[in-house]
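Here is a short report on side-chain contacts and ring pairs. Please read it alongside the structure.

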Amino acid sequence: MPKTDGADEALNRVNTNSKPSDLRITDMRVAEIVGAPFTSALLKIYTNQGIVGLGEVRDGASATYALMLKSRLLGENPCDVDRLFRRIKQFGGHGRQGGGVSAVEIALWDLAGKAYGVPIYQMLGGKFRDKVRVYCDTDAEKPSGTETGKRLKERMSRGFTFLKMDLGLMQIAHVPGAVAAPAGALEGFRANPRGRGGALEERKARNLAYDVQNVQHPFTGLHFTEQGIDLLEQYIHEVREVIGYEIPLAIDHVGHISLQDGIRLSRRIEKYVPAWLEDVIPWQYTEQYRQLQEATTVPICTGEDIYLKEAFEPLLRSGGLSVIHPDLLTSGGILETKKIGDMAQDHGVAMAIHMAESPIAAMAAAHVATATENFMALEYHSADVDWWDDIVTGIPKPLVKDGFITVPDKPGLGIDDVVDEVIARHLQPGVTGIWQPTDHWDNEYSWDRTWS
Ligand SMILES: [Mg+2]
């Protein structure tokens, strides 16, 4: 038997996380799920010391956005989070295209935390709060404000202290005289272009609907009529009648309408004190955001589709925002969102966080929320998903309790593991298994320099 150092041998046996400087990335795999509440891909980054980092690709985004990064990360030390993030960030983009880089960044933080035995919020500078306030998003499936108000009231009875609902085009598009629209324009918004595969004609129809929904607001030609704005005001009036005026109520999904219609609607609903009005126009139109915010006392908000801090900067400098709303799974991940929050604070702007995925994404966001001073509320879109907590182990359950998340004092994200039996019951259509080999991504290569 070879002679070994007793202490080393003991360390090797009892603690595989004890050598951070020798930690290496060995593999990356995904599990593509649906219903928690939308589609997303859970991500695992494996190492040579047995510890596994968890991440998640954003709702609605392709797992390919993460897997295409595998060959750029194999053999690296995951504790070099920022260095690796800067290597891969050229492969991310706005909206869902930020999903891969962000998922990887989160998994790297989880690994670094597990390797050194430290919670992520501590690595970001420590706590501003022990509990993270969650706002409960509620899609406006109900035809009347009173009915939606009752749903929101039920959320309040479960302890939520901050709410969000939809108010906009799709609630009135079916009412004759409520929307002025070029012939055929509204039909394109009613189609659902999601899904994959199919015969050529099916693909063509889906792509056509997709193209229609990608027309930016100033170019749709859609306008609320006075009757339409009356109906929307009546809707929020009914909601406030049910839930009262004390609880914050944010507004989303105004629809693909113009800046001018956004101004008309926002002025009309000022007396219902919205916590914010979200994504009224595409975030790229900085000057239009400035005009919108200057025209109304309703706090104006955007950010869930913005990739990287540098794209938030012009909006913040313009004065066009009162609330930013990054999604960690698009923004570039944990450290980038902390930086975005701090930059917003310098401009006197609060940070809410968008989140519509599993407890992995929720925990990543909760660590940033814990460690960022101007944080206001974190989105929770899964109040009606009864298996949401079951995806993971090691966190307090229910994770969202009385409207708050309590971040555990545990290494990394604070999650012990994912539960394969639960995940396997909720696979996306066409997906044949979980954590399947991804060897075909091992040798992906291009000369990745973005300058010469
Ligand atoms: Mg939104």
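## Arg87 and its partners

The side chain of Arg87 reaches 2.8 Å to the backbone oxygen of Arg72. The side chain of Arg87 also makes a polar contact of 2.8 Å with that of Glu76. A polar contact is a pair of N or O atoms within 3.5 Å; within protein, one must be able to donate a hydrogen and the other to accept it, and residues adjacent in sequence count only if both atoms are side-chain atoms.

This is a predicted model: local features need pLDDT of at least 70, side-chain atom pairs count only at pLDDT 80 or more, and totals for chains, interfaces and linings use all residues. Residues are numbered from 1 along each chain as its sequence is written, and side-chain values use heavy atoms, with hydrogens and water left out.

Arg87 lies in helix α3, residues 81-88 (helices are DSSP runs of H or I, at least four residues, and strands runs of E, at least two, numbered from the N terminus). Arg87 is partly exposed, at 33% relative accessibility (buried is under 20% relative accessible area, exposed over 50%, partly exposed in between, with a 1.4 Å probe and protein chains only).

## Ring pairs

The structure holds five aromatic pairs. Rings of Phe, Tyr and Trp (its six-membered ring) pair if their centres lie within 6.5 Å; planes under 30 degrees apart count as stacked, over 60 as edge-to-face and the rest as tilted. Two of the pairs are tabulated here.

| Pair | Centre distance | Plane angle | Class |
|---|---|---|---|
| Tyr135 and Phe162 | 6.1 Å | 45° | tilted |
| Phe160 and Tyr380 | 6.1 Å | 25° | stacked |

Tyr135 sits in strand β4 and Phe162 in the loop between α6 and β5, so their pair ties together parts 27 residues apart in sequence. Tyr135 is buried at 0% relative accessibility. Phe162 is buried too, at 5%. Ring pairs link Tyr135, Phe162 and Trp276 into a cluster. Phe160 and Tyr380 are both buried.

## Ser382

Where does Ser382 lie? Ser382 is in the loop between β13 (375-380) and β14 (392-393). Ser382 is buried, with a relative accessible area of 2%. Its side chain makes a polar contact of 3.3 Å with the side chain of Trp388. Leaving out residues up to four places away in sequence, Ser382 touches Ala36, Pro37, Glu357 and Trp388 (contact means heavy atoms within 4.5 Å).
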